[in-house]
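Biologist: I would like to learn how to read side-chain pairs and an interface from coordinates. Could we begin with the charged groups?

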Amino acid sequence: MKDVTVIGAGVAGLCVARTLLDRGAHVVLVDRHEENGPHACSWWAGGMLAPFCEGESAEEPVVRLGAEAADWWASKTDAVARRGSLVVSPARDSADLARFARRTRAHRAVTAGEITALEPDLGERFAQGLFFESEAHLAPRAALAQLREGVIADGAVFRQEDADPAHHAQRGLTIDCRGYQARTDLSDLRGVKGEMLILSCPDVTLHRPIRMLHPRVPLYIVPRGDGIFMLGATMIEGRAGGHVTARSLLELLSAAYALNPAFGEAEVLEIGVDSRPAFPDNLPRIRRDGQLIRANGLFRHGFLLAPAVARMVADLIFDDATPEVMDETAA
Amino acid sequence: MRDFYGITLANGLMLGTAQYPSPAILADAFKRSDASVATVSLRRESGRDRAGQDFWALIRDLGVHVLPNTAGCHSVKEAVTTAHMAREVFDTRWIKLEVIGEEDTLQPDVFGLVEAARILTEDGFQVFPYTTEDLVVADKLLQAGCEVLMPWGAPIGSGLGLNNIFGLRAMRAHFPNTPLVIDAGLGLPSQAAAAMELGFDAILLNTAVAKAGDPALMAEGFAAALRAGQLAAQADPMTPRDMAAPSTPVIGKAFLS
């Protein structure tokens with residue numbers, strides 16, 4: 001049996017731990033913190049499993065590798081909802097909708113009437129949209145919690161420790177899944193700041209993630225059930241400080257208000273801000289240096305790409321198969 | 001070619017650095033187009049504690065002239081603060097000065113622009129003001145110390161091209177010795193060629209390249225168009241006329257040829 005230490009218990013680390021356990025490894029999971037929580041950027045994720053929508057600006061591997069995410073999460077948790085995703089734009093920005101349609105696939109154009117049928121609470125505000133029927137979303141915190149419970153139940157050992165992966169690797173096979181925390185060891189990793197809100201708005205019911213296109217402030221809103229919504233997310237080059245800016249709040253909230261004025265009455269439950277870890281091409285990387293394997297750079301695609309990255313890490317360990325996202329093998 | 005505060009550029013292509021799918025694609029767009037200037041906006045939040053330094057390092061690594069800008073600033077005070085931050089971060093006196101007057105159309109506030117240009121010039125900055133084609137405003141910017149003018153082609157991000165070709169032509173005629181840059185509003189290379197044919201010295205683009213399906217390819221297209229327009233301007237184009245003017249004599253042509 002292979003002994004593997006996974007450092008970092010965010011979405012990447014938990015997916016790697018789960019996959020390695022499924023392949024028969026003995027896993028020790030290490031994190032600075034005892035519980036899942038706001039210290040990990042996956043805590044603040046939108047939870048959209050929307051590979052086709054992401055294809056508007058992301059490169060091909062994100063669409064292809066992301067396509068396996070919904071099935072994976074549905075097989076490991078009950079946090080997945082498969083109701084598609086809907087993309088709309090205000091009438092004056094219809095050029096952005098046409099562009100989005102050209103750049104993506106697996107969608108169909110929907111009229112005002114069809115939008116209303118899918119999401120009655122959007123009313124007649126949007127004359128046209130795109131429906132990505134095969135996409136899904138999940139509740140990130142529930143998914144992380146269930147994944148963690150599952151790996152512990154199946155024999156993974158959790159240790160709370162502020163571990164140095166290079167140090168650990170001297171003793172055995174170690175997977176560094178620390179995300180932006182690994183910045184000091186990965187010189188080409190950068191932070192892309194994201195800001196999001198969690199709102200309570202029982203007056204509004206939505207069934208699926210809605211993206212609203214806008215040339216300056218593209219926004220998405222993901223229903224969490226029970227009148228709770230996640231509203232996100234800014235993308236600002238630069239690592240996050242501790243706080244959201246007033247400008248970002250204004251932009252996010254005014255976009256939600258445009259989606260449905262009832263959001264004006266929403267209560268703001270949480271304000272989140274964190275740094276997404278990204279490499280220059282915004283694609284994930286797996287790097288091996290002897291006993292140390294680093295999996296990082298999931299950018300804004302943590303839940304979407306972590307299952308595929310975990311599979312590749314496992315293939316590397318068990319089959320010595322070179323991952324397609326591996327770009328460096330040091331002795 | 002007219003110089004920009006003493007700097008002669010290899011070509012007149014200035015590219016913005018926002019909205020690309022990834023920094024890798026941004027770098028590729030610069031490589032394929034050979035653009036000579038990169039504009040970069042500084043968010044004051046990311047400047048305060050140097051949170052943006054990873055991205056700034058990527059910009060510096062492009063190896064081109066960096067023209068920081070004050071995009072998103074709505075007041076003289078904001079613009080001046082941002083300019084100071086940019087000078088510190090990028091170690092340059094160049095600043096592309098934007099003072100936005102209206103959030104929705106992103107039209108410049110030309111009154112604030114002139115005031116901020118004066119303050120910054122007195123403080124040693126070399127100001128590239130984002131302005132309209134208004135000749136009086138342009139004149140006041142020159143009086144304030146600007147040695148370059150950057151009139152818009154059309155509203156920022158609109159891709160409409162050269163909205164007021166007569167105004168731009170008048171500007172070129174009125175300021176024959178001032179480097180003029182079309183800043184904002186271009187969507188297609190043909191529009192960039194048209195700007196160069198009018199005798200403009202450079203164009204500044206962002207959205208048209210960054211939001212193209214293949215940004216690097218579009219950047220290359222703009223570079224080619226820029227060159228075409230520049231060659232045309234140097235070649236002293238023919239003057240359009242209302243009547244046909246045969247290029248070969250018709251007298252003596254064989255009856256049944």
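Modeller: The side chains of R183(A) and D54(B) form a salt bridge, with 2.7 Å from N to O. Keep in mind that this is a predicted model.

Biologist: How many salt bridges are there between chain A and chain B?

Modeller: The count is 1 salt bridge between chain A and chain B. For polar contacts, the rule finds 5 residue pairs across the interface of the two chains, both residues at pLDDT 80 or more.

Biologist: Which elements of chain A give two or more residues to the side that touches chain B?

Modeller: They are helix 5 (94-103), strand 11 (190-200), strand 15 (236-237) and helix 9 (246-259) of chain A. Strand 11 of chain A gives the most to that side, with 3 residues.

Biologist: How is the size of an interface given?

Modeller: The accessible area lost when the parts come together is often used. Here chain A and chain B bury about 1,800 Å² between them, and 42% of it is on carbon and sulfur atoms. In terms of contacts, 23 residues of chain A touch 26 residues of chain B.

Biologist: Are W73(A) and F303(A) buried or exposed?

Modeller: Both W73(A) and F303(A) are buried. In chain B, Y5(B) and F128(B) also form a tilted pair, 5.4 Å centre to centre with 55° between the planes. Y5(B) lies in the segment before strand 1 (13-16) of chain B and F128(B) in strand 5 (residues 126-131) of chain B, so the pair ties together parts 123 residues apart in sequence. Y5(B) and F128(B) are both buried.

Biologist: Which residues form one aromatic cluster with Y5(B) and F128(B)?

Modeller: F4(B) and W94(B) form one cluster with them.

Biologist: And what about charges over rings?

Modeller: R87(B) lies over the face of F125(B), 4.1 Å from the ring centre. The charged end of K96(B) sits over the ring of Y130(B), at 5.8 Å from its centre.

Methods: Residues numbered from 1 in each chain as written. Chains lettered and ligands numbered in written order. Predicted model: local features only at pLDDT ≥ 70, side-chain atom pairs only at ≥ 80, totals over all residues. Heavy atoms only, no water. Buried < 20%, exposed > 50% of the residue type's maximum accessible area, 1.4 Å probe, protein only. Phe/Tyr/Trp six-rings, centres within 6.5 Å; stacked < 30°, edge-to-face > 60°. Helix = DSSP H or I, 4+ residues; strand = E, 2+ residues; numbered from the N terminus. Lys NZ or Arg CZ within 6 Å of the ring centre and 35° of its normal. Contact = heavy atoms within 4.5 Å. Buried area = accessible area lost by both parts, 1.4 Å probe. Salt bridge = Lys/Arg side-chain N within 4 Å of Asp/Glu carboxyl O. Polar contact = N/O pair within 3.5 Å; in protein donor to acceptor, adjacent residues only side chain to side chain.
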